[in-house]
Amino acid sequence: MSAEQGEKPGFTFTGWHMLTIMLLFFGTIISVNVTMAWNAVTSWSGLVVPNTYVASQQFNGKAEAAKARAASGIVGKLHIDGSTVEYEVSHPQRGAVDTDKVTLNFRRPVGEHQDFSLSLEKHGPNTFSARHELAPGDWIVEAIAVKDGAVIVHEGTRIDIAGGVR
């Protein structure tokens with residue numbers, strides 16, 4: 001049967017079709033990569049330490065101090081009830097550990113605009129507290145307890161503050 005007798009001509013795949021497919025394929029990949037890179041750059045500063053060289057020089061000393069603190073067995077316990085933040089310093093066998101000062105640094109896992117520090121008030125030899133309303137969501141809490149000018153507890157804890165009343 002010929003084209004004159006009513007037969008439709010067949011589809012011919014040309015170079016223009018291939019070019020269109022290639023541009024759509026690679027255009028999709030490139031646009032997704034650009035979008036993800038843009039989100040990564042604008043959502044987190046990337047700054048972990050101000051000067052990496054200085055941080056690398058101090059690493060071994062900080063690691064040894066952390067090992068010594070861990071070997072002492074002294075631990076802290078964080079309690080959050082509504083807007084009351086409490087922290088206790090103790091030893092598993094010896095009980096309460098007399099402490100001079102406790103500071104809690106609250107950080108968001110991503111971003112810095114809500115980060116803050118709390119210097120807690122002493123209410124007993126090892127008990128400290130402060131009032132602060134925490135926004136809902138995930139927080140990383142760095143606790144630093146000091147006795148006679150030496151850090152006796154330096155630990156981090158990740159917590160989740162549920163929205164609404166706890």
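Modeller: Let's start with a definition: a residue is buried when its relative accessible area is under 20%, exposed when over 50%, and partly exposed in between (1.4 Å probe, protein chains only). Take Asp98, which is partly exposed because its relative accessible area is 38%. Before we go on, this is a predicted model, where local features need pLDDT of at least 70, side-chain atom pairs count only at pLDDT 80 or more, and totals for chains, interfaces and linings use all residues. Residues are numbered from 1 along each chain as its sequence is written, and side-chain values use heavy atoms, with hydrogens and water left out.

Biologist: Thanks! With which residue does Lys147 form a salt bridge where the closest N and O atoms are 3.0 Å apart?

Modeller: A salt bridge is a side-chain nitrogen of Lys or Arg within 4 Å of a carboxyl oxygen of Asp or Glu. Here the partner of Lys147 is Asp98, with 3.0 Å between the closest N and O atoms. Lys147 lies in strand S8 (residues 137-147) and Asp98 in the loop between strand S3 (95-96) and strand S4 (101-107), so the pair ties together parts that are 49 residues apart in sequence. Helices (H or I, at least four residues) and strands (E, at least two) are DSSP runs, numbered from the N terminus.

Biologist: Which residues are linked with Lys147 in a network of salt bridges?

Modeller: Asp98, Asp100 and Lys122 join Lys147 in that network. Within it, Asp100 and Lys147 meet at 3.5 Å, N to O.

Biologist: How many salt bridges does a search of the whole structure find?

Modeller: The search finds 6. Another pair to look at is Asp138 with Arg158, whose closest N and O atoms are 3.5 Å apart. Asp138 lies in strand S8 and Arg158 in strand S9 (residues 150-161), so they tie together parts 20 residues apart in sequence. Arg158 counts as exposed because its relative accessibility is 54%.

Biologist: Which residues is Ser83 in contact with, leaving aside neighbours within four places in sequence?

Modeller: Contact means heavy atoms within 4.5 Å. By that rule, Ser83 is in contact with Ala130, Arg131, His132 and Glu133.

Biologist: Lastly, where is Ile29?

Modeller: Look in helix H1 (residues 15-43) for Ile29. Ile29 is partly exposed, because its relative accessible area is 36%.
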